[in-house]
Amino acid sequence: MSDSFRGAIDCDVHPRVPTPGMLAPYMNDYWRETVELRGIDTWEAISYPVNAPLTMRPDWRARKADADAASLAKATLDHFDLSHAICNCLFAVQGFRDENLAAAFASAANDWLAAEWLGKDARLRGSALLPIQSPPRAADEIERLAGDHRFVQVLMLAMGEQPLGKSLYWPIYAAAERHGFAVGIHAGSSYHHALTGSGWPTYYIEDYAAQSAGFHTQLGSLISEGVFVKYPKLKVVLIESGVTWLPPYMWRLSKFWRGVRNEVPWIDREPHEFLRDNVRLTIQPFDGPATGAQIGRVLDQLQSDDMLLFASDFPHWQFDGDDALPPGISASLRRKILIDNPLATYPRLGRPA
Amino acid sequence: MMLDAPRAPVHEADADRRADAQARTRLEIIDGDVHPALRSMADLKPFLSPQWREHLEIYGSRRRSGFSYEPYPKSAPKACRRDAWPEEGGPPGSSLDLIRTQYLDAYGIEVAILGPLGASGNSELNMEFSAALVSATNDWQREFFAKPEPRLKASIVVPSEHAEASVQEIERCANDPAFAQVFMLTRTGEPAGNRRYWPIYAAAERHGLPVGFHVFGSGGHPYTGTGWPSYYVEEGAGHSTSCQTVVTSLVIEGVFERFPRLKVVIIEGGFGWLPALTWRLDKLYERMRSEVPHLKRRPSEYIREHIWLTSQPMEEPENRRHLFDTIEWIGWDRLLFASDYPHWDFDDPFRAFPAGIPRERHQQILSANARAVYRLA
């Protein structure tokens, strides 16, 4: 069975989230002392409660499969015979209100990822965390890591301070485009605002469900503000978004654009036309109907074979066994999802690390 | 007031359309979303006490968005069709005559449900004023529209952040057949399933009235979980996300377990988003049932039984098959036609649905489904 994934690129795996204490050794004296003096010993967002079923598949939980690079490699790279896996560290750097703390922790987390994970298995690649609280400093972090080709993507969250298309964030896109980084937007929130436009939901199920609304907003913002007009080579990867929300949202956005496009005159084509050039989606979780035939009808709504990227979302519990792809996908599309689309999305992946 | 806004044309075109509509074998039409408008705030004054009249005069409408109107300028005056401004002055939706000639008569509308927006009392910061204003809005709908024109049905607008006053308002209006539903907006102060709103649902269920959630409103939060978008196009497209919050919260909080006869109508948010949300919620429920032991069934089952959606603004995929698939997944019995008259993105009942929709399905959406939802007697 694992043969059928041979050579695939897993575009979303998660090393176990480090504690501040694990990152402190990668900080300078001032910040190391700060972490200790101020007692910053936990910094856990509520996005993935450690013991929640979704956070870790039971068999992987039992084996502590996310604990270190070797365990992760065994459960993903070796098991599925993958060529690469892209590590998305979910340390909640975006949650800090202090941009100095954010910058210190982002750099430390990136150096920790490079040393403890990317350096331990040559098949692993990484996404760089950014102190998005200060876009110029986020761009500096991209410059700092640009020479290390093991970093193939920069990572932001589905919900932050402001929608990501706003021009204050453009220094990030300029730097990412310049160095061939994909811009990953992962499920999660900085929790700087209530999770919905109607306040805080009660249950974790609602929190996770609301993440897809965050992706709606970010995609609408990136398109409407003209990010893809300004940075036409930019690839934005929507990671852990659920996938199937996208076509209906684009029908709406395109319809509204047809009606009110005098408001955004720089958008010179139907919003959905940006998707094929600039937007990609990781395939887990896949919010779909039960049968392969129906899934085929949902996938047809994407109107493109280029947009989906293979991802296990390890160790999150999105599927059981080896059912990492939803049923109903043709052999040729499967090949594109597993290998061709990721290679086209991450130009740095093809370069020697 | 938009003094130089374009006026409604003479209505020969509508007469043609009327003939055209009669020429086809007639489809009955019930419209789930028509917007009445005040000629000016003076229209509400007869329905406000002297104290609140004075309050309105001095302090005006102060809403949870920081503005007296909407925080996103529209793309047309009052977001209305440029041909819907009445000859006699006042904004679109304020002239019963024009609503009749330009819309009800021209299209052969059997019933239209009113959805009062603007200074209707929703989203007001002052709760007591909110309660007074919605009462006035409800009386105004009845006296100006529903009483003189039986094809128009009023909605019971409630001051939703003040549950006690909301219940009082429902009790005050519910026995009057002029009212067809309870009316809330999608952007509430807490997600709609929160227990602070349960008394409203209890009252609606008790009276057999559906609760309509119309898009818009300001609950006191940025309109998205990631802050304020810049543009009206984003806000417009994004209404489907606040609709998703409503459905998610009602289902996951167990509102439909608690109020098993409650009917909910999502208004003006389109419907294409519902299948993906339903699949998502079912999967999350399967994973984390232990978090929500008050739920006895899968989210999709509550949605299938309790949620209806109005059709406008219709999603328009390039391939109409995608639209039919979507309706299939939602259920052909769950969609209610709405025109959104007199707003700019008006849907024509005969032209909004793509060619190829089976006639009996079309009829279902245009009127049959609505009969099962609204109290139209």
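# Exercises on a predicted two-chain model

Of the 353 residues in chain A, 57% are buried, where buried means 20 or more other C-beta atoms within 10 Å of a residue's own, exposed means 12 or fewer, partly exposed means in between, and C-beta atoms are placed from the backbone. This is a predicted model, in which local features need pLDDT of at least 70 and side-chain atom pairs count only at pLDDT 80 or more, while totals for chains, interfaces and linings use all residues. Residues are numbered from 1 along each chain as its sequence is written, and chains are lettered from A and ligands numbered from 1 in the order in which they are written.

## Exercise 1. Overall build of the chains

Compare the radius of gyration of chain A with the value for a compact globule of 353 residues.

*Solution.* 
- Step 1. The radius is taken over C-alpha atoms, and the globule rule is 2.2 Å times the number of residues to the power 0.38.
- Step 2. A compact globule of 353 residues would come near 20 Å, and the 19 Å of chain A agrees with this.
- Step 3. The C-alpha trace of chain A spans about 55 × 50 × 45 Å along its principal axes.
- Step 4. Chain A holds 13 helices and eight strands; helices (H or I, at least four residues) and strands (E, at least two) are DSSP runs, numbered from the N terminus.

*Solution.* 
- Step 1. Chain B has twelve helices and eight strands.
- Step 2. The trace of chain B extends about 60 × 55 × 45 Å along its principal axes, and 55% of the residues in chain B are buried.

## Exercise 2. The nonpolar core

Find the residues with the most contacts inside the largest nonpolar core.

*Solution.* 
- Step 1. A nonpolar core is a set of buried Ala, Val, Leu, Ile, Met, Phe, Trp, Tyr and Cys residues joined through C-beta atoms within 7 Å.
- Step 2. The largest such core has 212 residues, and Phe105(A) and Ala109(A) have the most contacts inside it.
- Step 3. Helix 5 of chain A (residues 99-118) gives the most to this core, namely twelve residues.
- Step 4. Apart from neighbours within four places in sequence, Phe105(A) is in contact with Leu23(A), Phe91(A), Val93(A) and Phe96(A); two residues are in contact if their C-beta atoms, placed from the backbone, lie within 7 Å.

## Exercise 3. Where the chains meet

Which helix of chain A gives the most to the side that touches chain B?

*Solution.* 
- Step 1. On chain A, 59 residues are in contact with 56 residues of chain B.
- Step 2. Helix 8 (204-224) and helix 10 (246-260) of chain A each supply at least two residues of that side of chain A.
- Step 3. Helix 8 of chain A gives the most, with 15 residues.
- Step 4. By class, the side of chain A that touches chain B has 27 nonpolar, 23 polar and nine charged residues. Ala, Val, Leu, Ile, Met, Phe, Trp, Tyr, Cys and Pro count as nonpolar, Asp, Glu, Lys and Arg as charged, and the others, Gly among them, as polar.

Describe how helix 8 of chain A lies against helix 7 (residues 232-252) of chain B.

*Solution.* 
- Step 1. The two axes come within 10 Å and cross at roughly 175°. Axes are lines fitted to C-alpha atoms, for helices over the stretch in contact, and angles run from 0 to 180 degrees between N-to-C directions.
- Step 2. Helix 8 of chain A is therefore roughly antiparallel to helix 7 of chain B; angles under 35 degrees count as roughly parallel, over 145 as roughly antiparallel, 65 to 115 as roughly perpendicular and the rest as oblique.
- Step 3. The residues of this contact divide into seven nonpolar, eleven polar and two charged.

## Exercise 4. Backbone details

Where do Pro285(A) and Pro313(B) lie?

*Solution.* 
- Step 1. The peptide bond from Gln284(A) to Pro285(A) is cis, with omega near -5°, and Pro285(A) sits in the loop between strand 7 (279-282) and helix 12 (292-300) of chain A.
- Step 2. Gln312(B) and Pro313(B) are joined by a cis peptide bond with omega about -10°, and Pro313(B) is in the loop between strand 7 (307-310) and helix 11 (320-330) of chain B.

Is Glu240(A) buried or exposed?

*Solution.* 
- Step 1. Glu240(A) is in the loop between strand 6 (236-239) and helix 10 of chain A.
- Step 2. Glu240(A) has 28 other C-beta atoms within 10 Å, so Glu240(A) is buried.
- Step 3. Phi of Glu240(A) is near 65°, a positive value in a residue other than glycine.
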